[in-house]
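Please open the structure in a viewer and keep the selection tool at hand.

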Amino acid sequence: MILQRFFHDGLAQASYLVGCGATGEAVVVDPNRDAAAYVAAARSQNLRITHVTETHIHADYLSGLRELCAATGAQAYLSNEGGADWQYASAAADKAVLLSDGDTFMVGNIRFEAVHTPGHTPEHLTFLVTDTAGADRPVGAFTGDFIFAGDVGRPDLLEKAAGVAGTMEAGAGQLYASIQRFKTQPDYLQLWPGHGAGSACGKSLGAMPQTTLGYERLFNWALADMTESAFIRAVLDGQSDPPTYFAQMKRLNRAGPHVLNGMPAPAMMPSHELEAVLDSGALVVDTRPWPDYAAAHVRGTISIPLNRSFVSWAGWLLPYDADVYLVTKDAMAAQAAVRELALIGIDRVAGVFTADAVSNARADRIGTIDQTDVRGMSAAAAERGNTILDVRNAQEWQAGHVPVNGGAMVLHIPLGQLQRRIAEVPRGERVLVHCKGGTRSAIAASILERNGIDAENVKGGFDAWLAAGLGTD
């Protein structure tokens with residue numbers, strides 16, 4: 001059996017290629033939209049992709065199953081569990097084989113057995129894998145968003161992200177039952193999860209690329225002996241707000257994502273057109289590194305640097321129903337940015353400008369972002385007429401924040417909510433914006449400027465505030 005793991009850092013998402021060396025057949029589990037990466041990997045190992053499957057209807061990225069089947073002619077295998085509301089709408093058109101609990105399929109000499117493990121989602125499957133050429137029992141399991149290293153999939157996304165009211169507690173109860181059933185598997189069973197540290201599909205995922213059921217039984221909080229009611233309280237407590245784009249991913253993945261037939265290429269635009277694009281009211285995202293943006297950018301753009309967090313913040317902040325434009329460092333960065341956006345279904349990238357568009361812009365269109373440190377924020381916090389804007393998430397705010405002491409207004413608006421709550425930010429005051437370390441606040445400062453509010457970014461953020469020994473509420 002040949003096993004290769006693919007991992008996307010920005011999405012903290014894992015997918016897998018499993019091949020039979022004897023027959024050359026291969027399956028891809030939970031592919032993202034970049035089909036070419038799997039095809040190239042299979043070819044390098046003298047394999048051909050004959051099967052494609054996924055563990056569930058994903059919420060955090062656009063499924064690449066249809067894309068990969070179109071590229072290779074592979075057979076799709078999809079869950080038939082979860083009830084009528086959680087079926088794949090495109091399954092019939094795609095001639096997919098539908099799997100119920102206990103169903104199996106063969107990839108050469110490798111047997112895949114579907115195990116229904118609801119909780120994270122109603123239709124969720126885990127795949128037990130047996131290399132029948134030398135064994136009569138499973139070597140491991142692809143657990144998707146069921147069991148992670150150190151955690152389990154959150155059961156609240158259907159309610160918080162997809163808007164299906166009243167499903168959190170029921171999902172948590174299903175997850176508890178799935179865990180109790182799965183715990184009867186042997187300790188040696190290897191677990192290959194669908195996500196690692198940094199994913200919003202759980203609250204405390206570990207960074208290990210794989211684990212075993214025995215290890216998780218010892219050290220994963222969710223597999224400890226506890227009552228169902230205690231588990232439900234624990235699994236729902238402390239879950240972060242899901243990114244806004246999760247609802248869109250659920251809808252698109254259930255309906256069947258549009259097939260691109262290859263990742264899109266950037267439509268490069270002449271630099272002199274940037275100002276006209278901004279004047280039309282279009283959204284332009286500057287993906288250059290933050291220091292470059294702070295030093296000089298074209299006013300009206302927003303900053304989302306092309307780094308590990310790019311795809312996540314793009315999902316939080318960019319629309320799916322309108323064109324967007326990008327500014328990138330160079331043509332290579334343009335290709336990378338367009339590819340990243342395609343992974344979450346943001347396909348309406350109407351054009352890309354390189355950094356020349358900034359250097360060639362009129363002087364009166366160039367903006368800068370002022371920066372201060374936590375000592376400057378401390379002084380500003382003591383004076384009326386200033387606003388301290390904290391863009392961290394709710395859990396971070398509750399754990400401690402800049403004191404509300406009768407001086408400056410201390411305002412909390414998580415970055416993902418800032419655009420729709422922009423009216424809450426006072427105009428005509430000095431606004432100092434901070435997060436944990438300075439990354440999210442930099443994006444926030446650009447959003448504020450686009451809305452006519454000049455803001456100062458606080459270098460080092462709340463971590464620096466704590467390190468300086470300044471007080472908290």
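What follows is a tour of a predicted model.

**First stop: a helix and its surroundings**

Select residues 331-343, which form helix α11. This helix has 13 residues and reaches 19 Å from its first C-alpha to its last, close to the 18 Å expected at 1.5 Å a residue. Next, colour its buried residues: Ala333, Ala334, Ala337, Val338, Glu340, Leu341, Ala342 and Leu343. What covers the buried residues of α11? Display β1 (2-8), α10 (310-317), β18 (324-328) and β19 (349-354), which are included in that cover.

Now turn to the two ends of the helix. At the start of α11, select Asp330 and Met332: a side-chain oxygen of Asp330 lies within 3.2 Å of the backbone nitrogen of Met332. Just after α11, select Gly345, whose phi is positive, at about 80 degrees.

**Second stop: two further positive phi values**

Most residues other than glycine have a negative phi. Select Ala12, in the loop between β1 and β2 (13-19). Although Ala12 is not a glycine, its phi is positive, near 50 degrees. Then select Lys95, in the loop between β5 (75-79) and β6 (97-99). Lys95, also a residue other than glycine, has a positive phi of about 55 degrees.

Select His56, in the loop between β4 (48-53) and α2 (65-72). His56 is classed as buried because its relative accessibility is 0%. Which residues does His56 touch, not counting those up to four places away in sequence? Show Tyr88, His120, Thr121, Glu123, His124 and Asp145, each of which is in contact with His56.

**Last stop: a patch on the surface**

Switch to a surface view and select Met208, Tyr215, Leu218 and Phe219. Together these residues form a nonpolar patch with about 450 Å² of accessible area. Within this selection, pick out Phe219, which belongs to helix α5 (residues 213-219). Why does Phe219 count as exposed? The reason is its relative accessibility of 56%, as the cut-off for exposed residues is over 50%.

Notes
Residues are numbered from 1 along each chain as its sequence is written. This is a predicted model: local features need pLDDT of at least 70, side-chain atom pairs count only at pLDDT 80 or more; totals for chains, interfaces and linings use all residues. Side-chain values use heavy atoms; hydrogens and water are left out. Helices (H or I, at least four residues) and strands (E, at least two) are DSSP runs, numbered from the N terminus. The expected span of a helix is 1.5 Å times one less than its number of residues. Buried means under 20% relative accessible area, exposed over 50%, partly exposed in between (1.4 Å probe, protein chains only). Contact means heavy atoms within 4.5 Å. A polar contact is a pair of N or O atoms within 3.5 Å; within protein, one must be able to donate a hydrogen and the other to accept it, and residues adjacent in sequence count only if both atoms are side-chain atoms. Patches are made of residues with over 30% relative accessible area and no salt bridge: like charges are joined within 9 Å, nonpolar side chains (Val, Leu, Ile, Met, Phe, Trp, Tyr) within 5 Å. Accessible areas come from the Shrake-Rupley method with a 1.4 Å probe; for residues, only the protein chains shown count as cover. A salt bridge is a side-chain nitrogen of Lys or Arg within 4 Å of a carboxyl oxygen of Asp or Glu.
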